[in-house]
Amino acid sequence: MTIDFSPLLPWPYLTALILAALVLAAFGIWQRVRGAFLRTAALAAFCLALANPVLFQEKREPLSTIVAVVVDRSQSQENADRREQTDKALAGLQERLSRFPQIETRIVEAADSRENDAPSTRLFDALATALADVPPARVGGAIFITDGQVHDVPDVSQTLGFNAPLHGLITGRPDEFDRRIEIVNAPRFGIVGEQQNLTFRVVDDGTAPGGSAEVTIRLNGNEIAIEHAEPGTEVPFSFTVPRGGNNILEFAVDPIAGEVTEANNRAVHVIDGIRENLRVLLVSGEPHAGERAWRNLLKSDAAVDLVHFTILRPPEKQDGTPINELSLIAFPTRELFVDKISEFDLIIFDRYQHRGVLPILYYDNIAQYVQNGGALLIAAGPEHAGDDSIAATPLSAVLPANPTGVVNEKAFFPRLSEEGRKHPVTRGLEGADSEPPAWGRWFRTVDVDRPLGQTVMEAADGRPLLVLNRVGKGRVAMLLSDQGWLWARNFEGGGPHISLYRRTAHWLMQEPALEEEALTARASGRTLEITRQTIEGDPGQATLTYPSGRSAEVTLTEREPGLYKAEVRTDEIGLFEVANDELTTLVHVGNVNAPEFKAAISTEEKLEPWAEKTKGTLRRLANADGPVDLPSILPVRGAVRAIDDQRLSLKMTDETVLKGVNSLSLFSGLLGLAALLFIISATWYREGR
């Protein structure tokens with residue numbers, strides 16, 4: 001309640017009038033005039049009436065106290081029974097806070113931060129956002145429901161923007177432990193066939209049992225080593241890059257009973273294999289029109305080191321020319337097919353026939369080269385159907401088909417077979433979709449028995465034209481015509497000879513992108529893209545295993561012949577496993593060094609400095625075996641000066657909001673008139689005595 005003045009005259013005039021009244025009153029009292037005091041009171045009442053005093057009474061309503069409850073919904077909260085503890089704690093806290101009508105609760109659910117695809121738990125950012133529109137004096141406190149793995153804890157010397165307790169209700173169990181594996185450093189690129197070095201480390205968090213950890217290492221799905229590592233110690237590891245393109249290294253540490261999660265027991269690293277130089281040996285059995293097509297294609301690729309020999313003078317050719325007058329280079333058969341055969345990535349026999357140039361034993365050498373992982377391409381002409389065919393040598397052990405002895409001299413359009421429309425070597429060749437195909441004709445093929453492997457292109461009457469087959473660790477391709485040069489010369493519009501030849505060569509050299517049966521996955525932000533390449537028909541559903549351990553079936557949709565895809569939007573971050581038939585692949589979504597993956601055990605350490613500074617309480621919701629135990633609420637008037645371990649102290653605000661004002665003029669109306677008449681009457685009465 002307050003008093004204010006609303007003068008009936010301007011203040012300068014009223015001030016002059018008051019001064020005149022004071023002078024008159026002082027003079028009367030000094031001269032001892034009878035009734036001077038009553039006259040003074042009358043003048044005072046008159047001046048007060050002109051000043052018009054007004055009594056104001058405000059109507060105020062107390063404001064509520066704002067309490068922020070920040071709920072940790074990050075991925076680490078999915079471990080063990082933390083989500084259940086969180087939900088029970090939130091429900092109980094809401095019920096207890098609702099008993100205090102003067103408390104307004106703000107619930108904030110903080111999921112993983114998606115900044116830079118490096119998920120982290122940022123509860124303080126969520127708290128600042130929730131209280132951005134609240135005056136600091138109205139904040140009664142903040143309560144975090146979390147496992148304690150908070151990654152945006154500010155320095156304790158800073159301020160939170162309010163002066164009230166910060167409490168932490170910690171999920172998880174006090175005796176938790178966890179074992180994880182991390183790659184410390186590793187190369188991103190490596191030359192195929194050369195040794196690479198990396199370092200990994202096994203880390204035990206919490207009260208782990210200790211002891212040596214067994215780490216299984218796989219490369220492209222194949223187990224290559226088992227290492228034993230002491231937790232906390234960096235372990236060096238060496239491996240050889242087996243192929244070009246993506247190579248996936250997987251490190252898996254054996255789980256230990258009772259650990260918080262097994263989701264971080266595996267780590268992957270992708271290394272891109274680079275072929276420093278592809279060494280190709282091209283042996284042409286004789287000069288012919290198509291010889292230049294293969295040579296030009298291979299020479300145009302800067303990454304190919306080509307060794308090319310053409311047999312111009314076979315041993316049976318006797319023309320009497322002295323050896324010392326010949327300008328031909330001797331064919332170094334032993335050096336190529338014995339000493340250095342393993343150095344070649346691909347061997348091509350172009351219209352080659354056995355005429356004694358290569359000793360018969362060397363063909364067996366070539367067959368073993370293929371069995372051990374080499375690549376062989378046979379570009380056959382009429383010689384392949386004759387008596388000197390290389391199919392009549394020990395090389396036949398790795399060839400997918402044997403010639404029947406017939407050469408078909410019939411014009412035809414090369415066509416893709418049903419398998420060829422699905423196979424990545426021939427799928428999508430330009431011009432293949434029309435009938436007849438939009439490319440030129442060929443005029444000769446070598447007839448063969450029913451071939452092994454996949455016949456991806458067909459000649460006249462559905463006879464095999466291009467056959468691909470796997471032999472041991474290596475691969476063999478047979479192109480049963482020497483007419484490909486017609487496409488290179490643009491006969492009848494030509495055809496996609498460059499794409500066909502190049503894809504065939506790269507498939508032989510085991511390019512991952514050209515595998516006919518493959519399962520791959522890649523992450524684009526939070527979207528997982530799954531690709532299944534197959535020539536066997538519908539592969540069915542893929543099984544997707546999330547980092548949290550749950551699994552889901554994913555339907556694969558055919559996008560192109562033999563190519564099935566699916567896209568999955570995920571909120572989880574970490575290592576995903578995709579499986580279909582007998583194929584599996586791994587893909588990591590998000591940053592592998594994200595804070596959310598570095599520690600999984602619950603902890604009180606990170607929030608402890610702020611709890612002490614603000615007089616807040618840190619308390620576990622459950623002990624090792626007990627149920628959720630929620631502390632009670634303690635409203636406090638004024639500053640919270642002490643920590644109460646058993647209760648959550650909340651600072652109640654004294655803030656109010658003005659709802660209205662009542663005013664009363666003291667000298668207006670009958671009340672003012674009665675006061676003036678009374679004083680004037682008293683003066684008159686005194687004068688009358």
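**View 1. Ala229 in strand β11.** Ala229 belongs to strand β11, which covers residues 222-229 (strands are DSSP runs of E with at least two residues, helices are runs of H or I with at least four, and both are numbered from the N terminus). This is a predicted model, in which local features need pLDDT of at least 70 and side-chain atom pairs count only at pLDDT 80 or more, while totals for chains, interfaces and linings use all residues. Residues are numbered from 1 along each chain as its sequence is written, and side-chain values use heavy atoms, with hydrogens and water left out. Is Ala229 buried or exposed? Ala229 is buried, with a relative accessible area of 2% (buried means under 20%, exposed over 50%, partly exposed in between, using a 1.4 Å probe and protein chains only). Beyond the neighbours within four places in sequence, Ala229 has contacts with Phe200, Val202, Ser212, Ala213 and Val235 (contact means heavy atoms within 4.5 Å).

**View 2. Arg444 and its partner Asp482.** Look for Arg444 in the loop between α8 (418-422) and β21 (445-448). Its side chain and that of Asp482 are joined by a polar contact of 2.7 Å (a pair of N or O atoms within 3.5 Å; within protein, one must be able to donate a hydrogen and the other to accept it, and residues adjacent in sequence count only if both atoms are side-chain atoms). Leaving aside neighbours within four places in sequence, the residues in contact with Arg444 include Arg351, Pro382, Glu409, Phe412 and Leu480.

**View 3. The largest nonpolar core.** Here 39 residues come together, and Trp294, Leu346, Ile348 and Met457 have the most contacts inside this core (a nonpolar core is a set of buried Ala, Val, Leu, Ile, Met, Phe, Trp, Tyr and Cys residues joined through side-chain atoms within 4.5 Å). Helix α10, residues 497-508, gives the largest share, five residues. Apart from this core lies another, of 37 residues, among them Tyr352, Leu358, Ala380 and Val467.

View 4. Twelve residues make up α10, which reaches 16 Å from its first C-alpha to its last, close to the 16 Å expected at 1.5 Å a residue (the expected span is 1.5 Å times one less than the number of residues). Its buried residues are His497, Leu500, Tyr501, Thr504, Ala505, Trp507 and Leu508. After α10 comes Gln510, with a positive phi near 65 degrees.
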